[in-house]
Amino acid sequence: MIRPLLAIAALGLAALPALAQDRLTILHTNDFHARFEPINSHDSTCKPEDNAGGECYGGTARLITAIRAARAAASAPVLLVDGGDQFQGTLFYTHYKGRLAAEMMNLLGYDAMTVGNHEFDDGPEVLRGFVDALDFPVLMSNADISAEPLLADKIAKSIVIERSDMAVGLIGLTPQDTGELATPGPNVTFSDPVAAVQAQVDRLTDAGITRIIVLSHSGYSVDQRVAHETTGVDVIVGGHSNTYLHPTDPDAEGPYPTMIGDTAIVQAYAYGKFLGALDVTFDKAGRLVSATGAPQLLDAAVAEDASVLDRLTEAAAPLEAIRNKVVAETARPISGDRDICRSGPCEMGIVVAEAMLERVRDQGVEIALQNGGGLRAGIDAGPVTLGEVLTVLPFQNTLSTFRVTGAELLEVLENGLSQVEEGAGRFPQVAGIEVVYDPAAAPGSRVRAVTVGGAPLDPEQLYGMVSNNYLRNGGDGYAVLKDARDVYDFGPDVADVLAEYLARRIPFTAMVDARVRTVSE
């Protein structure tokens, strides 16, 4: 857990002499990922009966209610901003790309957003269409788009917004490694966030703008670096790392706001589960005097707007056709038998692991890991529909890449093999690796031999791995992965990765081998 520098009082500068002050309420979201419908506690689409039972969160129909209420209650001017990654994550994006996101964001009345890496998933053309459909500006300071005709002059590095008699500068920031995370094309290049932000701060302050907010889709740690290494930034509204911040909740990753010097950093988790709300006060010179607030949980206590529900019901109708869309073909069935996939290598587990590894092998990844319990069905012989793929992988888990030492990888495997006799879902379906274990040994000491790419496991070596975000964040007992290095949890949906893998191999024939085997085999 990153622990921030502490500021005086709760920004604590409130002890300054009483001067004329300007107040502003900043409402914010980030990493919405096309979750227009409510989500469950696992961040997946909520079943209607569960939503009716009050067990779900978010959704645009709740978000609009919360935003309207916050605007009505505010005693200061309000800005509504987004920290990026509206794209990707549900069938709504698969079908509408950015069109429905633009419609909903316009309806909600956003003032500005920054570009997330997933906004580049379908290249500059789709991003351009999204930008053209919006009623507000999209920002990105650390990218050179001058050579990309679809985006040049369409995305600003920074803007100035007037609220009452107060001018506020907004700066956008996107991940420096977006070129590796998405498909921006050869004409877009990305640069260091600190230099890019400082250049825009200097430009704004030279123009007399001293109240400055950065909309950053760069992650909590990068935001803290930006705050440390720049001057003149008052607030950073973050995204990308899906970080939950809160002023009092001990389960939060840090305080809301996180103070780095005189800069307030906020983020509101992801998927529309929360609406961030930060109240800030500036003195007349534009210096931040106070920053307080908390993210609002959008649970069943927040009513769903009826007109938005009607529109989303209408928008969901074509998704049935998508669910029936044929994406591949198999020569024979792919077995996803529950008992087999939780006790040894199974056809579906091998297919999914190989698909994940193929997707990111060119990033230096050597090993893939999928939990057997995450495989919920097989696929029949013949045409394969997207609906079938989504039945196999229904959780909307995203691809996660990271690095671990050989010693940590051994811990990973010991966990995966610790409850084989119980049929637990943690059984490791893998690619790029072979494992021999003794099921009669005590849990935690079962692994007897491991080879990676044909070579014995080296406890000191760092290995590139790919898994799903559920396991990477400690699910199914894989706690060691929570401290992995060079983590990126927000790749494409694993179901999409599987569908694309099968589509490249028509007709696909499944196989199974003994890549994870007992000492007696």
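Reader: Is Ala207 buried or exposed?

Author: Burial is judged by relative accessible area: buried means under 20%, exposed over 50%, and partly exposed in between (1.4 Å probe, protein chains only). Ala207 is exposed, at a relative accessible area of 60%. The model is predicted, so that local features need pLDDT of at least 70 and side-chain atom pairs count only at pLDDT 80 or more, whereas totals for chains, interfaces and linings use all residues. Residues are numbered from 1 along each chain as its sequence is written, and side-chain values use heavy atoms, with hydrogens and water left out.

Reader: Where does Ala207 lie?

Author: Helices (H or I, at least four residues) and strands (E, at least two) are DSSP runs, numbered from the N terminus. Ala207 lies in the loop between helix H7 (193-206) and strand E9 (212-216).

Reader: How many salt bridges are there?

Author: Side chains of opposite charge can pair when their charged atoms come close. A salt bridge is a side-chain nitrogen of Lys or Arg within 4 Å of a carboxyl oxygen of Asp or Glu. By this rule there are 24 salt bridges.

Reader: Which residue forms a salt bridge with Glu229?

Author: Arg225 does, with the closest N and O atoms 3.4 Å apart. Glu229 is partly exposed at 48%, and Arg225 is partly exposed at 30%.

Reader: Which residue meets Arg472 in a salt bridge?

Author: Asp489 does, at 2.5 Å, N to O. This pair links distant parts of the chain, 17 residues apart. Both Arg472 and Asp489 are buried.
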